[in-house]
Amino acid sequence: MKVVEKFTEILGVEVGNLALKCLPFGGIYLIGGVTHGISDYLLHTDTFLEAFFKKGRQSKKLRHIPIYLVKSNIEVGLLGSEE
């Protein structure tokens, strides 16, 4: 469980860093096997969000960026390859 907690914290920090670089006001979409595997932990703890927003005076900008957890039954890669 400590590994999942640390991974979630690192994920939050890095997603927050990327959000400050790109300012994706349309949202950030968390997707993939690892994200799906820890989705219960992401949804029921504040570890990810605390690490995501922990950016000092820049955290106000991050409060305007929605974060979405994409369900595993949606095949995003396949949807993008259709004509």
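Phenylalanine 48 and phenylalanine 52 are both buried. This is a predicted model. The two residues sit in helix H4, four residues apart, about one turn of the helix. Phenylalanine 53 is buried, as is phenylalanine 52. The structure holds three aromatic pairs; two of them are tabulated here.

Phe48, Phe52 and Phe53 make one aromatic cluster.

**The core**

These phenylalanines also belong to the largest nonpolar core, which has twelve residues. Its other members include Leu11, Val15 and Ala19, along with Ile28, Leu30, Ile38 and Leu42. Leu62 and Ile65 are members too. H1, E1 and H4 each supply at least two residues of this core.

What does valine 15 touch, apart from its neighbours within four places in sequence? Valine 15 is in contact with Ile28, Leu30, Phe48 and Phe52.

**Helix H1**

Helix H1 covers residues 2-22, 21 residues in total. From first C-alpha to last it reaches 30 Å, close to the 30 Å expected at 1.5 Å a residue. Its buried residues are Thr8, Leu11, Gly12, Val15, Gly16 and Ala19. They lie on the same side of H1, because they cover an arc of only 130 degrees around the axis. Lys2, Val3, Leu18 and Lys21, on the other side of H1, are exposed.

Which elements do the buried residues of H1 pack against? The partners are strand E1 (28-30) and helices H3 (39-44), H4 (47-53) and H5 (59-62). Just after H1, leucine 23 takes a positive phi of about 50 degrees.

Side chains of opposite charge can pair when their charged atoms come close. The count here comes to one salt bridge. It joins the side chains of glutamate 9 and lysine 6, at 3.7 Å from N to O. Both residues lie in helix H1, three residues apart, about one turn of the helix.

Lysine 6 is partly exposed, at 46%.

Conventions
Residues numbered from 1 in each chain as written. Predicted model: local features only at pLDDT ≥ 70, side-chain atom pairs only at ≥ 80, totals over all residues. Heavy atoms only, no water. Expected span 1.5 Å × (residues − 1). Buried < 20%, exposed > 50% of the residue type's maximum accessible area, 1.4 Å probe, protein only. Arc of directions from axis to C-beta. Contact = heavy atoms within 4.5 Å. Core = buried A, V, L, I, M, F, W, Y, C linked by side-chain atoms within 4.5 Å. Salt bridge = Lys/Arg side-chain N within 4 Å of Asp/Glu carboxyl O. Phe/Tyr/Trp six-rings, centres within 6.5 Å; stacked < 30°, edge-to-face > 60°.
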